[in-house]
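Biologist: I would like to go through this model with you. Could we begin with the charged side chains and then move on to other regions?

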Amino acid sequence: MYDGQEFLRDKRWCLSRRTLLTKAGALGAAGLLSACGGGDSSAGQAAATPGTVLARTGDVPVGGGTVIDGVLVVQAEAGTFSAYDATCPHQGVRVGAPRDGVITCPAHNSTFAIGDGARLGGPASRGLTEIAVRVDGTDIVRA
């Protein structure tokens, strides 16, 4: 029998509390509500230990980025690479690759700057957590 536990482990989704209270019934609303808490997460940082190759330089477009294993790797300017934990600090939803120099969380539209991960707007109370990287040849490596 399905007990809803796999949804509790996957924090990329989050229903409204009202929806959970009215429709959760057999799954237990109290347990589901705890999955939508606003705590910080470091999933991306845990996934990439120092020395881990995160991406190849050719895979990260200038002015854009890519999300790999919970880490957002960006190239704000040609040859300048940065990385951030791809977890939005608002409710733990994974952010998408930047568009037009802006990183956006699909859940509640918090926005962040590609250059430094700073919060631009939305309900997030702070910017994205930076992950130190270095370029080694054509590899972008966690420092």
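Modeller: A definition comes first: a salt bridge is a side-chain nitrogen of Lys or Arg within 4 Å of a carboxyl oxygen of Asp or Glu. Please keep in mind that this is a predicted model.

Biologist: How many salt bridges does the structure hold?

Modeller: There are two salt bridges in the structure. In one of them, Arg56 is paired with Asp139, with 2.0 Å between the closest N and O atoms.

Biologist: Is Asp139 buried or exposed?

Modeller: Asp139 counts as buried because its relative accessibility is 18%, and the cut-off for buried is under 20%.

Biologist: Changing topic, where is Ser110 found?

Modeller: Ser110 sits in the loop that runs between β5 (102-104) and β6 (111-113).

Biologist: Is Ser110 buried or exposed?

Modeller: Ser110 is buried, and its relative accessible area is 1%.

Biologist: Which residues does Ser110 touch?

Modeller: Leaving aside residues up to four places away in sequence, the contacts of Ser110 include Cys88, His90, Ile103 and Cys105. Gly121, Gly122, Pro123 and Ala124 are also among the residues that Ser110 touches.

Biologist: How far apart are Ser110 and Ser125 in space?

Modeller: Their C-alpha atoms are 9.2 Å apart, while in sequence Ser110 and Ser125 are separated by 15 residues.

Biologist: Now the sheet, please. In what order do the four strands of the open sheet come?

Modeller: The order is β2-β3-β4-β8, and the pairing is antiparallel. At the edges are β2 (64-68) and β8 (130-131), each of which pairs on one side only.

Biologist: Over how many bridges do β4 and β8 pair?

Modeller: Strand β4 (residues 80-85) pairs with β8 over two bridges, in the antiparallel sense.

Biologist: Which residue in β8 is the bridge partner of Ala83?

Modeller: The bridge partner of Ala83 in β8 is Ile131.

Technical notes: Residues are numbered from 1 along each chain as its sequence is written. This is a predicted model: local features need pLDDT of at least 70, side-chain atom pairs count only at pLDDT 80 or more; totals for chains, interfaces and linings use all residues. Side-chain values use heavy atoms; hydrogens and water are left out. Buried means under 20% relative accessible area, exposed over 50%, partly exposed in between (1.4 Å probe, protein chains only). Contact means heavy atoms within 4.5 Å. Two strands pair if DSSP finds at least two bridges between them.
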